[in-house]
Amino acid sequence: MKKLNFALTISALFILAGCGTSRDYSPPADASGEKIFSTACTECHKPLSANVAMVLSEKVANKEAIIKKFQSGSMRMPAFKNIQGEAADRLAEYVLTNSQVK
């Protein structure tokens, strides 16, 4: 039983580590916010429905906070430092428009 628990713990750590590292993704200049989201974010953030990309807390339900979050990352979320300028604006607008706020 101890070996099984150990194996499950190690597996979980590898899975979480995959979502916690920096990513080198650079969106094409003309990429829409939806395209950037589907390429960079859906590995960890599966859309909840056709109209809802994700659920946001009130604390991050603004453009500046969203941009800071995906550029800086967090403990479990990778940083996407190459999403800058207009591409960052398009991604943040897509997330705001297509998310629910709790």
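A salt bridge is a side-chain nitrogen of Lys or Arg within 4 Å of a carboxyl oxygen of Asp or Glu. By that rule, Glu86 and Arg90 form a salt bridge through their side chains, at 3.7 Å from N to O. Both residues sit in helix 4, 4 residues apart, which is about one turn of the helix.

Some ground rules come next. This is a predicted model, in which local features need pLDDT of at least 70, side-chain atom pairs count only at pLDDT 80 or more, and totals for chains, interfaces and linings use all residues. Residues are numbered from 1 along each chain as its sequence is written, and side-chain values use heavy atoms, with hydrogens and water left out.

Now the overall layout. The protein chain has 4 helices and 2 strands. Helices (H or I, at least four residues) and strands (E, at least two) are DSSP runs, numbered from the N terminus. Along the sequence, the pattern reads α-α-β-α-α-β. Of the 102 residues in the protein chain, 33% are buried. Buried means under 20% relative accessible area, exposed means over 50%, and partly exposed lies in between (1.4 Å probe, protein chains only). Contact means heavy atoms within 4.5 Å. Among the contacts in the protein chain with a separation of 6 or more, 68% come from residues 24 or more positions apart.

Return to the charged pairs. How many salt bridges does the count give? The count comes to 3 salt bridges. Take the Glu86 and Arg90 pair again. Glu86 counts as exposed because its relative accessibility is 60%. Arg90, at 24% relative accessibility, counts as partly exposed.

Next comes Lys63. Its side chain meets that of Asp89 in a salt bridge, 3.6 Å from N to O. This pair links distant parts of the chain: Lys63 is in helix 3, Asp89 is in helix 4, and 26 residues separate them. The side chains of Glu93 and Lys63 also meet in a salt bridge, 3.6 Å from N to O. Glu93 lies in helix 4 and Lys63 in helix 3, so this pair ties together parts that are 30 residues apart in sequence.

Asp89 counts as partly exposed at 32%. Glu93 is partly exposed, with a relative accessible area of 38%. The C-alpha atoms of Glu93 and Ile66 are 9.1 Å apart, and the two residues are separated by 27 residues along the chain.

Turn to the packing of the helices. Two packed helices are described by the angle between their axes and the distance between the axes. Axes are lines fitted to C-alpha atoms, for helices over the stretch in contact, and angles run from 0 to 180 degrees between N-to-C directions.

Start with helix 3 (residues 63-72) and helix 4 (residues 85-97). Their axes come within 9 Å and cross at roughly 115°. That makes helix 3 roughly perpendicular to helix 4. Angles of 65 to 115 degrees count as roughly perpendicular, under 35 as roughly parallel, over 145 as roughly antiparallel, and the rest as oblique. The crossing of helix 3 and helix 4 is right-handed. A crossing is right-handed if the near helix is turned clockwise from the far one by less than a right angle, and left-handed if anticlockwise.

Which residues of helix 3 and helix 4 make the contact? Helix 3 contributes Lys63, Ile66, Ile67, Phe70 and Gln71, while helix 4 contributes Ala88, Asp89, Leu91, Ala92, Glu93, Val95 and Leu96. These residues divide into 8 nonpolar, 1 polar and 3 charged. Ala, Val, Leu, Ile, Met, Phe, Trp, Tyr, Cys and Pro count as nonpolar, Asp, Glu, Lys and Arg as charged, and the others, Gly among them, as polar.

Helix 4 also packs with helix 2. The angle is about 85°, and the axes are 7 Å apart. Helix 2 and helix 4 are therefore roughly perpendicular to each other. On the helix 2 side, the contact is made by Gly33, Glu34, Ile36 and Phe37; on the helix 4 side, by Ala87, Arg90, Leu91, Tyr94 and Val95. The contact residues here divide into 6 nonpolar, 1 polar and 2 charged.

Pro28 lies in the loop between helix 1 (2-18) and helix 2 (33-40). Pro28 counts as partly exposed, at 43% relative accessibility. The C-alpha atoms of Pro28 and Ala87 are separated by 8.4 Å, with the residues 59 apart along the chain.
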